[in-house]
Each structure stands twice: as C-alpha cells, then as structure tokens.
Amino acid sequence: MAKCTKKVRIISKYGMRYGDTLWKMVKKIEISQHAKYTCSLCGKTKMKRRAVGSWHCGSCMKTVAVGAWTYTTTSAVTVRSAVRRLKELKDR
C-alpha cells in the first residue's frame, strides 16, 4: 500500500480526482479555514471556524460572524480603514 506523501496532506482525501489546479485552490482554502487566528476581542490565538462565516474564540467564548474561509476579508479591511479615516476627519 502506498504511503501518503507530504505534497498532498490535507487534500489527500480527494485521491487522484479533479486535477492539479483545483487541488491547489482547495488546498489553500482548506489550510486557511482550519488555521487558528488571533481574536480581535481578547488578542489570543484561539479563534477557530465553526461554520461558514461563524468564528468562535476558545478563550473569551465569543462568537463572531466574519469571512467564510478566513477570519478577515479584504473588503472588511478596506471598510474598517475607511471608517477609521472618516472618524479621524470628523474629530478634527
């Protein structure tokens, strides 16, 4: 029986199906969704994905709704920086 190689790891469950390009895309998504992220509320690296868009911190026990596969999305970062900039302009 063949040994599981390091090349496939998380996507070895798909076997030889779907092709190399789709493998690489799925591998990137699955690694990011199973990773632990830093909680924006308590600052600890305990944020884990529970379901699509639902993230739970094991330290402060808070559940937040953010990105589907990653804790932060590029559009959320853009909006957050725009809101911060507008608040600074308002305070002046």
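**Surface and salt bridges**

Author: Tyr 18 is exposed, with a relative accessible area of 55%; exposed means over 50%, buried under 20% and partly exposed in between, with a 1.4 Å probe and protein chains only. This is a predicted model, in which local features need pLDDT of at least 70 and side-chain atom pairs count only at pLDDT 80 or more, while totals for chains, interfaces and linings use all residues. Residues are numbered from 1 along each chain as its sequence is written, and side-chain values use heavy atoms, with hydrogens and water left out.

Reader: Where is Tyr 18 found?

Author: Tyr 18 is in the segment before helix 1. Helices (H or I, at least four residues) and strands (E, at least two) are DSSP runs, numbered from the N terminus. The phi of Tyr 18 is near 80 degrees, a positive value in a residue other than glycine.

Reader: Which residues form a nonpolar patch on the surface?

Author: Tyr 18, Leu 22 and Met 25 form that patch, with about 330 Å² of accessible area together. Accessible areas come from the Shrake-Rupley method with a 1.4 Å probe, and for residues only the protein chains shown count as cover. Patches are made of residues with over 30% relative accessible area and no salt bridge; like charges are joined within 9 Å and nonpolar side chains (Val, Leu, Ile, Met, Phe, Trp, Tyr) within 5 Å. Leu 22 lies in helix 1 and is partly exposed at 41% relative accessibility.

Reader: Which residues form the positive surface patch?

Author: That patch consists of Lys 36, Lys 44, Lys 46 and Lys 48. Lys and Arg count as positive and Asp and Glu as negative, with His and the chain ends not counted. The place of a charge is taken as NZ of Lys, CZ of Arg, CG of Asp or CD of Glu. Lys 46 sits in the loop between helix 1 (20-34) and strand 1 (47-51), and its relative accessible area of 40% makes it partly exposed.

Reader: Now the salt bridges. How many are there in the whole structure?

Author: A search of the whole structure finds three. A salt bridge is a side-chain nitrogen of Lys or Arg within 4 Å of a carboxyl oxygen of Asp or Glu. In one of them, Lys 13 pairs with Glu 30, with the closest N and O atoms 3.3 Å apart. This pair links distant parts of the chain, 17 residues apart: Lys 13 is in the segment before helix 1 and Glu 30 is in helix 1.

Reader: Is Glu 30 buried or exposed?

Author: Glu 30 counts as buried, at 8% relative accessibility.

Reader: And what does Asp 20 form a salt bridge with?

Author: Asp 20 pairs with Lys 24, the closest N and O atoms being 3.3 Å apart. Both lie in helix 1, four residues apart, about one turn of the helix. Asp 20 is partly exposed at 43% relative accessibility, whereas Lys 24 is exposed at 55%.

Reader: Which side chain does Arg 84 meet in a salt bridge?

Author: Arg 84 meets Glu 88, at 3.4 Å from N to O. Both residues belong to helix 2 (residues 74-91). Arg 84 is partly exposed at 49% relative accessible area, and Glu 88 is partly exposed at 39%.

Reader: Lastly, what pLDDT does the protein chain average?

Author: The chain averages 88, and 91% of the residues score at least 70. pLDDT is the predictor's confidence in each residue, from 0 to 100.
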